[in-house]
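My notebook is open, and these are the entries from today's look through the model. Have the viewer beside you and follow along.

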Amino acid sequence: MAVLKVYNWADYIDEDVLAEFPEWYKEQTGEDIEVIYQTFDINEVICSTVFTFEQRIEQKQLDIRGLDAGRIPVYADSDLMHQVVYNLIENAVKFVNEDGYIEVKYHTDNDRTLVAIRNSGAGIA
């Protein structure tokens with residue numbers, strides 16, 4: 001079983017790395033990026049992202065669990081988090097067997113929120 005986790009970057013990555021992210025991004029893509037922190041509902045982002053994969057989810061007859069968590073406010077760049085969530089959901093759908101499941105879990109501890117997206121697939125060996 002694969003568990004994909006999104007952490008509050010600032011808790012786990014040196015602040016210098018975060019400060020240098022726009023420069024690294026430009027080197028990698030040739031484009032400028034501005035990181036804009038704001039409070040938003042990560043569950044809403046996950047729900048809307050799951051909806052974009054509705055056709056593939058129905059084709060594989062997947063059970064989606066954990067979207068009824070209610071509002072989960074986080075403080076991050078919503079565009080970047082949307083891209084991360086999109087990639088995680090896309091991989092979860094791609095690498096799960098038919099009749100499997102995708103599960104979303106949240107754990108909030110003080111000022112951190114852990115988002116775990118897991119599927120019933122075999123995972124990475």
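I began with Tyr 75, which counts as exposed at 54% relative accessibility. My scale for this: buried is under 20% relative accessible area, exposed is over 50%, and partly exposed is in between, with a 1.4 Å probe and protein chains only. This is a predicted model, where local features need pLDDT of at least 70 and side-chain atom pairs count only at pLDDT 80 or more, while totals for chains, interfaces and linings use all residues. Residues are numbered from 1 along each chain as its sequence is written, and side-chain values use heavy atoms, leaving out hydrogens and water.

Next I looked up aromatic pairs and found two in the structure. I counted rings of Phe, Tyr and Trp (its six-membered ring) with centres within 6.5 Å; planes under 30 degrees apart are stacked, over 60 edge-to-face, and the rest tilted.

Tyr 75 belongs to the stacked pair, with Tyr 37 as partner: 5.7 Å centre to centre and 25° between the planes. This pair links distant parts of the chain, as Tyr 37 sits in strand β2 (residues 37-41) and Tyr 75 in strand β4 (residues 73-77), 38 residues apart. I noted helices (H or I, at least four residues) and strands (E, at least two) as DSSP runs, numbered from the N terminus. Tyr 37 is partly exposed, with a relative accessible area of 40%.

The other entry is Phe 53 with Tyr 86, a tilted pair at 5.0 Å centre to centre and 45° between the planes. Phe 53 lies in the loop between α3 (42-52) and α4 (54-60), and Tyr 86 in helix α5, 33 residues apart. Phe 53 is buried at a relative accessible area of 2%, whereas Tyr 86 is partly exposed at 27%.

Then I turned to α5 itself. Which of its residues are buried? I listed Ser 78, Met 81, Val 85, Leu 88, Ile 89, Ala 92 and Val 93. They cover an arc of only 130° around the axis, which puts them on the same side of α5; the arc is that of the directions from the helix axis to the C-beta atoms.

One more ring went into the notebook: Arg 65 lies over the face of Tyr 101, 3.9 Å from the ring centre. My test was CZ of Arg or NZ of Lys within 6 Å of the ring centre and within 35 degrees of the ring normal.

Last, I checked Glu 44, placed in helix α3 and exposed at 55% relative accessibility. Its C-alpha atom is separated by 8.5 Å from that of Gly 70, 26 residues apart along the chain.
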